[in-house]
Amino acid sequence: MNGSTALSHRTSEVWYRWGQYVAVAAAYEAVYEIAYYLSFQQFLLTTGLRLACMLLLPSRYWPALAIGEAVPLVETAAFCANQFGMLWAILVSVPTVVLWWPLLKPLRKRWALHDASGRISMPVIIGATVSAALITATITTLALVAALAHAPEKWSVTSPTPFFFGYLLGAYLGALTLTPVILALQERYRALRQPLRVKLIWRSTLARDMLAWVVPALVVLTCLAIVTDNESIRQIIRLALLWPMVGLASRHGWHGTALGGMAASMALALTATGQLDEGALVIQALLASSLTAMLLWKARTPALEQQGVRVKRF
C-alpha cells in the first residue's frame, strides 16, 4: 500500500512538472509571437524578452522556452524555405535560447542578479546583454549570408557587414529596452507587499510622469520626425527623443531610466525608414550608449525596499 501510494505521488509530481513546462512553453510562445512581429532589424524586442525570461526563470524551464520559441521559427522556416534555401531554414529554426545557454548558465551560477545589499547588479545585466546581442547578430547574419548564397540575383546586398552591425545594435537596444523594464517592474511589485490594483498604479509618481509628459512629448516628436522631409530636422527631433529618458532618470533612478529608455527606443524605431536607416542608426547608437551609462550609474542607488518607499511610490 505504501509502495503504491509513493508511486502515485511520484506520478502526480511528474505530471505536475510536465504541466508547468507546457504552460511555460505556451505562454512564452504567445508572448514571443507578439514580440517577433513587433520587431525588425533595428529593434529586436525578442532579444529582450528572451534575456529577461532566461535571467528570471530557473534554468530547468529553459527547455520549455526553447520549445516555445522553436514553434514560430520552424513555421516561418517551413513556409520560406523555397525562397531562401534549406541552409537558411535550418539556421533560423534553431532557437536562440539554445545558443545562449552555454553563456547564461555559467553567468547565472557565478553572479547573482542582486548583490548582498539588495541592489540590482546592473554590470551583470549589461554584460549578459552585450554577449547575447553578439550571438544574436552572428546567427542572424549567417542566416542572411545563407539566403544571399541561395539566390544572389534576388538581392541588391553587396556585403553583409552593415547588416551585422545593424543586427547587433538592434539586438542590444531591444534587450536593453525590455529586460531592465521587466526587472524594474518586478522590483516595484515586490516592494508593494500587497496585491496590485489599478488604484496603486495610478498613484505611482512614475506612472503619472509617463502619462502626463513623457508619452505625449514622445508622440509629438515622433509625428514631427515622420512628417518632415528635411533630414537635418529629422535628426534633431530624433535626438530630442532622448531627453524624456533623462528626465525620468533624474526623478526615478534606474527604474525611470529603464521605462524612459523603452519609450524612447520605441519612438525612435517608428521614425526609421528602410532596413538600414543610417540616420536612425546613429541616434540609436547614441541612445544605447546613454542608456547603458545611465543604468549603470543609477543602479548604484539603494533598492526600493532599503529606501523605505511608501506604497504610493509604486
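Helix H9 (residues 205-227) supplies the largest share of a nonpolar surface patch, contributing four residues. Helices here are DSSP runs of H or I of at least four residues, strands are runs of E of at least two, and both are numbered from the N terminus. The patch is formed by Val 220, Leu 224, Ile 226, Val 227 and Leu 270, which together have about 490 Å² of accessible area. Accessible areas were computed by the Shrake-Rupley method with a 1.4 Å probe, and for residues only the protein chains shown count as cover. Leu 224 is found in helix H9 and is partly exposed, at 42% relative accessibility. Buried denotes under 20% relative accessible area, exposed over 50%, and partly exposed the range in between (1.4 Å probe, protein chains only).

The structure is a predicted model, in which local features require pLDDT of at least 70 and side-chain atom pairs count only at pLDDT 80 or more, while totals for chains, interfaces and linings use all residues. Residues are numbered from 1 along each chain as its sequence is written, and side-chain values use heavy atoms, with hydrogens and water left out.

The protein contains 13 helices and zero strands, giving the pattern α-α-α-α-α-α-α-α-α-α-α-α-α along the sequence. Of its 314 residues, 47% count as buried. The accessible surface comes to about 16,100 Å², and carbon and sulfur atoms account for 68% of that area. Among contacts (heavy atoms within 4.5 Å) with a separation of 6 or more, 77% join residues 24 or more positions apart.

The buried residues of H9 are Thr 205, Leu 206, Asp 209, Met 210, Val 214, Leu 218, Leu 221, Thr 222 and Ala 225. Helix H3 (residues 62-84) likewise bends by about 40°, at Ala 78. Its buried residues include Trp 62, Glu 69, Pro 72, Leu 73 and Phe 84.

Four salt bridges were found in the whole structure, a salt bridge being a side-chain nitrogen of Lys or Arg within 4 Å of a carboxyl oxygen of Asp or Glu. In one of them, Arg 251 pairs with Asp 209, and the closest N and O atoms are 2.6 Å apart. Because Arg 251 lies in helix H11 and Asp 209 in helix H9, the pair ties together parts that are 42 residues apart in sequence. Arg 251 is partly exposed at 47% relative accessibility, whereas Asp 209 is buried at 10%.

A network of salt bridges links Glu 231, Arg 234 and Arg 238. The N to O distance between Arg 234 and Glu 231 is 2.6 Å; these two residues lie three positions apart in helix H10 (residues 231-240), about one turn of the helix. Glu 231 also forms a salt bridge with Arg 238, with the closest N and O atoms 3.7 Å apart.

Thr 257 lies in helix H11 (residues 243-270) and has a relative accessible area of 0%. Beyond its neighbours within four places in sequence, Thr 257 contacts Met 245, Ala 249, Leu 291, Met 294, Leu 295 and Lys 298. Tyr 172, in helix H7 (residues 161-192), is buried with a relative accessible area of 12%. Excluding residues up to four places away in sequence, Tyr 172 touches Ile 126, Thr 129, Val 130, Ala 133, Ala 288 and Thr 292. The C-alpha atoms of Tyr 172 and Ala 132 are 7.8 Å apart in space, although the two residues are 40 apart in sequence.

Definitions and conventions
Patch = residues over 30% accessible without salt bridge, like charges linked within 9 Å, V, L, I, M, F, W, Y side chains within 5 Å. Bend = angle between axes of the 7 residues up to and from the residue.
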